[in-house]
Amino acid sequence: MTWDDTYLGAIGPFAVAEPWWSQVEPVVAHLGEVLGVPVFVLRLLTAEGGEGGRDGHVTYHVAALERPAAGLLTPRPVDLAALAGPQELRVPWARIEGLREALTWASDTLRAAGRPLTGPAEQYRTWNLSALFRLPTGQGSVWLKTTPGFAADEASVIAAFARVDPALVPPVIGAGPGRVLLDHLPGQDCWDAPARIITSAVPRLVAAQATLATLANHPLDLPAGLPDRRAPVLAAQIRALLDGPVSGDLTTGEVTAARGLLSRFGLLDECGLPDTIVHGDFHPGNWRSDGGPPAVMDWADAHLGNPVLDGLRIRDFLPEAKRSIAARAWVEAWTFRRPGCDPARALAVAEPLAHLAYAVRYQEFLDGIEPSERIYHLGDPAACIRAALKWR
């Protein structure tokens with residue numbers, strides 16, 4: 001734990017009910033209660049045991065906003081330069097000065113919007129891909145989300161979809177580079193979505209994507225900086241990945257077999273789906289509903305490309321019994337919106353290509369985050385490629 005530039009010591013270990021490393025709300029609550037001062041988790045330092053970003057014993061760098069009383073922390077040797085010194089890839093919210101700047105910006109933006117804060121910010125999540133803070137106002141909670149440079153500009157992507165279907169996306173109160181203020185959406189996340197929610201969410205996204213597809217050939221009309229993952233670009237990115245970063249994690253035979261899968265891009269083109277804005281992580285945990293049609297959140301992986309990636313994502317994240325519901329809804333929606341296309345064949349053809357696309361994305365994460373946080377994604381690119389090879 002640090003306070004300004006002073007190293008104070010360590011505290012713990014202690015158990016929390018939340019298993020995910022990035023879900024730091026209970027950590028902050030426990031430390032605030034024990035130390036009697038407000039704190040923020042800055043970043044993950046180490047993880048022992050656990051896997052997939054959950055469980056085990058983790059150590060965080062935590063910043064106290066006020067100096068705790070003496071005797072509450074245990075002296076423990078630490079390399080202060082490594083703990084809090086400069087690091088090229090450290091995200092702004094993993095530094096106390098960057099975190100304070102983002103919260104000050106949020107407070108000023110809300111005040112200008114007529115929704116001044118009524119209490120302190122509450123830290124909900126932090127990791128290399130984003131930080132999320134709940135901000136209380138007199139008109140309800142607002143969420144501050146910060147994202148790294150390799151994330152899509154969520155505010156501009158949300159604005160594009162809002163022009164087509166405003167209820168499909170969360171309302172944006174303010175935005176800046178790498179940050180967005182979102183109004184709270186009532187209800188709950190839709191992890192175990194019932195059939196009626198699935199058959200509501202999927203056609204609405206498809207309808208919006210079909211409309212936005214008319215802009216795909218006019219890049220100036222698309223959100224600024226939207227990553228291009230259309231077939232030729234994505235195929236080149238996959239080749240570069242196989243030739244470089246993951247070549248040492250795969251056998252020569254696996255690399256050769258993965259290259260052979262790239263011929264499927266031609267088959268996918270034959271299915272007739274248009275390039276459009278793809279969500280990139282369209283699973284039900286990124287939907288929120290109060291019982292009615294859900295809104296879709298977390299557009300950080302949005303890009304220009306083939307929408308089949310979204311059809312596969314929702315299908316593969318659902319329990320086995322509900323996958324056919326999602327696939328059928330997606331196929332029927334695209335058949336209606338794009339007469340003559342073959343979305344059912346696209347799902348079959350693109351299965352391994354989707355795994356290869358996520359391998360590229362995971363490598364982007366690894367290339368863009370500091371060493372201590374890479375444990376979240378280590379091995380993911382090679383694992384995705386091996387998942388793709390099951391379809392050769």
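Trainee: Which residues of α12 are buried?

Mentor: In α12, the buried residues are Pro-381, Ala-382, Cys-384, Ile-385, Ala-387, Ala-388 and Leu-389. Buried means under 20% relative accessible area, exposed over 50%, and partly exposed in between, with a 1.4 Å probe and protein chains only. The model is predicted: local features need pLDDT of at least 70, side-chain atom pairs count only at pLDDT 80 or more, and totals for chains, interfaces and linings use all residues. Residues are numbered from 1 along each chain as its sequence is written, and side-chain values use heavy atoms, with hydrogens and water left out.

Trainee: What makes helix α12 largely enclosed by the rest of the structure?

Mentor: Seven of its 10 residues, 380-389, are buried, so helix α12 is largely enclosed. Those buried residues pack against α6 (231-243), α7 (252-260) and α11 (343-368). Helices (H or I, at least four residues) and strands (E, at least two) are DSSP runs, numbered from the N terminus.

Trainee: How do you know how α11 is oriented relative to α12?

Mentor: The two helices pack at an angle of about 175°, with their axes 8 Å apart. That makes α11 roughly antiparallel to α12, since angles under 35 degrees count as roughly parallel, over 145 as roughly antiparallel, 65 to 115 as roughly perpendicular and the rest as oblique. Axes are lines fitted to C-alpha atoms, for helices over the stretch in contact, and angles run from 0 to 180 degrees between N-to-C directions.

Trainee: Which residues of α11 and α12 make the contact?

Mentor: On α11 they include Pro-352, His-355 and Tyr-362, and on α12 they include Asp-380, Cys-384 and Ala-388. Contact means heavy atoms within 4.5 Å. The residues of this contact divide into 11 nonpolar, two polar and one charged. Ala, Val, Leu, Ile, Met, Phe, Trp, Tyr, Cys and Pro count as nonpolar, Asp, Glu, Lys and Arg as charged, and the others, Gly among them, as polar.

Trainee: Why is a space called a cavity or a pocket?

Mentor: On a 1 Å grid over the protein atoms alone, a cavity is a set of points where a 1.4 Å probe fits but cannot get out, whereas a pocket is an open set with protein on both sides within 12 Å along at least five of seven lines. Lining residues have an atom within 4 Å of a point. By this rule there are two cavities of 30 Å³ or more.

Trainee: What volume does the second largest cavity have, and which residues line it?

Mentor: Its volume is about 80 Å³. A volume is the space filled by probe spheres set on the points, and grid points are joined across faces, edges and corners. The lining consists of Arg-229, Gly-280, Asp-301, His-303, Leu-309, Ala-357, Tyr-358 and Arg-361. With three residues, α11 gives the most to this lining.
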